[in-house]
Amino acid sequence: MEPHPADKKLFENLSGVGKAIGVLTSGGDAQGMNAAVRAVVRMGIYVEAKVYFVYEGYQGMVDGGDNIVEVSWESVSSILQVGGTVIGSARCKAFRTREGRLQAAYNLVKRGITNLCVIGGDGSLTGANLFREEWSGLLEELAEGGKIDEEAVKKYAYLNIVGMVGSIDNDFCGTDMTIGTDSALHRIIEVVDAIMTTAQSHQRTFVLEVMGRHCGYLALVSALACGADWVFIPEYPPEEGWEDKMCFKLSENRARKKRLNIIIVAEGAIDSHNKAITSEQVKDLVVRRLGFDTRVTILGHVQRGGTPSAFDRILASRMGVEAVLALLEATPDTPACVVSLSGNQAVRLPLMECVQMTQEVQKAMDEARFKEAVQLRGRSFENNLKTYKLLSHRKQAAELPKSNFNVAVLNVGAPAAGMNAAVRSAVRVGITEGHKMFAINDGFEGFAKGQIKTISWGDVGGWTGQGGSILGTKRTLPAKYLEKIADQMRTYNINALMVIGGFEAYESCLQLYEARSRFEEFCIPICVLPATISNNVPGTDFSIGADTALNAIVETCDRIKQSASGTKRRVFIIETMGGYCGYLANMGGLAAGADAAYIFEEKFDIRELQANVEHLTEKMKTSIQRGLVLRNENCNENYTTDFIYQLYSEEGKGVFDCRKNVLGHMQQGGAPSPFDRNFGTKISAKAIQWISKKLVETYRKEEGKVFANTDDTVCLLGMRRRNLVFQPVAELKGETDFVHRIAKEQWWLKLRPLMKILAKYKTSYDVSDSGQLEHVAMHRPKEAETGAI
């Protein structure tokens, strides 16, 4: 798989020949750091640079000796699925002194290292930037002391630094997600789900304390993902008199037959006077005021442990490769940068801008400018908080606006984890907006049969963590039931429709849109929310349910690989679901460290299969013991899983043996991941707000009815690169391959070369899509308000 001659230009300006890269992890550990280290090492070696491990963070850099070691391809084999950091991390007092940094500079110059990739929190990255600013002065001092010669001062005149943020708290401004945050949420949600069953049995209240000394992200998102009754975070202290309000809400919930209460407290939670609120205080308050049986669970370092989630592995792998590209492109004039994700887009941001903004948040909190603190945290944090407030606070009937509109929600297609979270969010936001909400059972089939009922705020309690589809779902399209569906819409006076599902949901809404000329009943606002494990819906980068399926695949691949440890060399052929869409196979391959992933979108022939087998055989002759090959179920009708298994078995004789696994429906089951719960909840709330707006716009007062017949009233809400966008299904029609039920262009295909590079293939990597240096958008409020919001 040599790069095509025409593609070689991609690397002409990116050769790492003669360059040395040092990689270190510093500060608190986070799951996914190893995936980042692996990506830096392999991408570095791929561009022919020398790569060095710096063990034990800055301490190792200062101590030198065996702490700075050149590494090979095999050095990072089998670390992808390991939590923490295999190269160690330590707090280092010596590096804070100039003498310590002088010694560190000497240890790096001795090995010719002038490129550093630092994986850590804001403290570690600030230290790296200072080191870079002092570099030329340190070298001159070393030359004056006779430790290095003048030639070395000239040759190693500049130090390039690229940072990756590894922190479970997600407390770094400028990046949507830091490495480790998603995995920490997985740990929290696993605990909350387990606690819920015992709390329900005994009618208990649980107070959970989660990490986040200066940042409430983990507390806020886990509260959103499990439907907690109350949450305490440092950026949004409760108003005066919160004790009465909280106790009133808890007792109200009990009166409505809710058997458990969950309260989540961030370890850095404060009140509006900047006084700490602790989990014990909250427990004592509940026991004293309400007499409820109340327990405290402090999660502590459990949140830092365990294997990284699929999201963190992919994030860290993408960032690691991006970091090497940034180092190769760096000049003495480029500022030290941080590589991160904005939406689904890789970006590079000036390190010190991010650090300054992160410090601004703390300053705003110290000065009780809480509204500003929330906005400085960024768009994602602000949206989470808005959504949580919308869903957790139930207004009294008298407080609700009266819209006189009826909105119906239904699920269509195969079940996907996170569908129920989306339904819960739609129902609650709809009620808050003043609509009467209806739930339709069993998709369009149930719609035609009249399986429609009103659904209240309390009916959807506890739905967030449930897998599958509680409303029931069918793949049936509405085309053959149009008349019956129109009748039911008339009967129940349905003014708007929200359809949550996969490709069938998108196709269904297209059919309703096209039938508008015959049935006036379909001239209403209709919104599609993509929910399918296959992630094959056009118009969106992510679908609800795909993350949960990806985690199921990655977890299984880890187990399967481990099953062969200690035995002879073995290759596993694993078949994933996804229809004709290769998303699960491709991203699963990237997250599980596969050697190859066969997908429908990238045609392959017997020659490629042969090359893959030979490549694996060569790898197996080194210290590598296990191989992993993923195959999408419909990638090729002739090269079946059995065929590939038999081919590998025959060709690998004497070197490795083979096993095959078809993962099947386990990919569709299970409790939704934190990402799917949060994504489903947020996009559903946004969709209902869009529906409300369209209802007002299309209401004809004189006729007393809604009449929406424009293209922009039947939309699909999707995540496109950095933004959530409402796109008319009529426009998406041109982007769709209806035969194979996929979008004609899929963003994740750009990550194909990434998987191949990390599996030691020579391939071309399109750097045109790599991140460009941007500035941090200062997301300031129009007017800064003091006090709680």
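Predicted model: local features only at pLDDT ≥ 70, side-chain atom pairs only at ≥ 80, totals over all residues.
Look at the backbone here: Asp 442 is not a glycine, yet has a positive phi of about 55 degrees. Most residues other than glycine have a negative phi.

Next, select Glu 56, another residue other than glycine with a positive phi, in this case near 60 degrees. Glu 56 sits in the loop between β2 (50-54) and α3 (57-63). With a relative accessibility of 35%, Glu 56 is classed as partly exposed.

**An enclosed helix**

Now select residues 217-226, which form helix α8. Ten of the ten residues of α8 are buried, so the helix is largely enclosed by the rest of the structure. The buried residues are Tyr 217, Leu 218, Ala 219, Leu 220, Val 221, Ser 222, Ala 223, Leu 224, Ala 225 and Cys 226.

Among the helices that the buried residues of α8 pack against are α7 (181-202), α14 (379-392) and α23 (674-698). The strands packed against these buried residues include β6 (205-210), β7 (230-232) and β8 (261-266).

**A buried serine**

Go on to Ser 309. This residue is in the loop between β9 (294-298) and α11 (310-329). Is Ser 309 buried or exposed? Ser 309 has 4% relative accessibility and so counts as buried, the cut-off being under 20%. Show the residues around Ser 309: leaving aside neighbours within four places in sequence, the contacts of Ser 309 are Asp 182, Ser 183, His 186 and Asn 551.

**Salt bridges**

How many salt bridges does a search of the whole structure find? The search finds 42. A few of them can be picked out in turn.

Begin with Arg 295 and Asp 293, whose side chains form a salt bridge at 3.3 Å, N to O. Arg 295 is partly exposed, having a relative accessible area of 37%. Asp 293 is also partly exposed, at 30% relative accessibility.

Then select Glu 520 and Lys 705. Their side chains meet in a salt bridge with an N to O distance of 2.2 Å. Glu 520 lies in the loop between α18 (503-514) and β17 (526-530), while Lys 705 is in strand β23 (residues 705-706), so the pair ties together parts that are 185 residues apart in sequence. Glu 520 is partly exposed, with a relative accessible area of 45%. Lys 705 is partly exposed as well, with a relative accessible area of 29%.

The side chains of Glu 703 and Lys 705 form a salt bridge at 3.9 Å, N to O. Glu 703 has 44% relative accessibility and counts as partly exposed.

For a linked set, select Arg 98, Arg 101, Glu 134 and Glu 141. These four residues are joined in a network of salt bridges.

Switch to a surface view and select Glu 140, Glu 144, Asp 149, Glu 150 and Glu 151. Together they form a negative surface patch. The elements that give two or more residues to the negative patch are α5 (122-144) and α6 (150-155). Glu 151 is exposed, with a relative accessible area of 63%.

Last, select Arg 91, Lys 93, Arg 96 and Arg 213. These residues gather in a patch of positive charge on the surface. Which loop holds Arg 91? Arg 91 is in the loop between β3 (68-70) and α4 (98-110). At 69% relative accessibility, Arg 91 counts as exposed.

Technical notes:
Residues numbered from 1 in each chain as written. Heavy atoms only, no water. Patch = residues over 30% accessible without salt bridge, like charges linked within 9 Å, V, L, I, M, F, W, Y side chains within 5 Å. Areas by Shrake-Rupley, 256 points an atom, 1.4 Å probe, with all protein chains shown as cover. Lys, Arg positive; Asp, Glu negative; His and termini not counted. Charge placed at Lys NZ, Arg CZ, Asp CG, Glu CD. Helix = DSSP H or I, 4+ residues; strand = E, 2+ residues; numbered from the N terminus. Buried < 20%, exposed > 50% of the residue type's maximum accessible area, 1.4 Å probe, protein only. Contact = heavy atoms within 4.5 Å.
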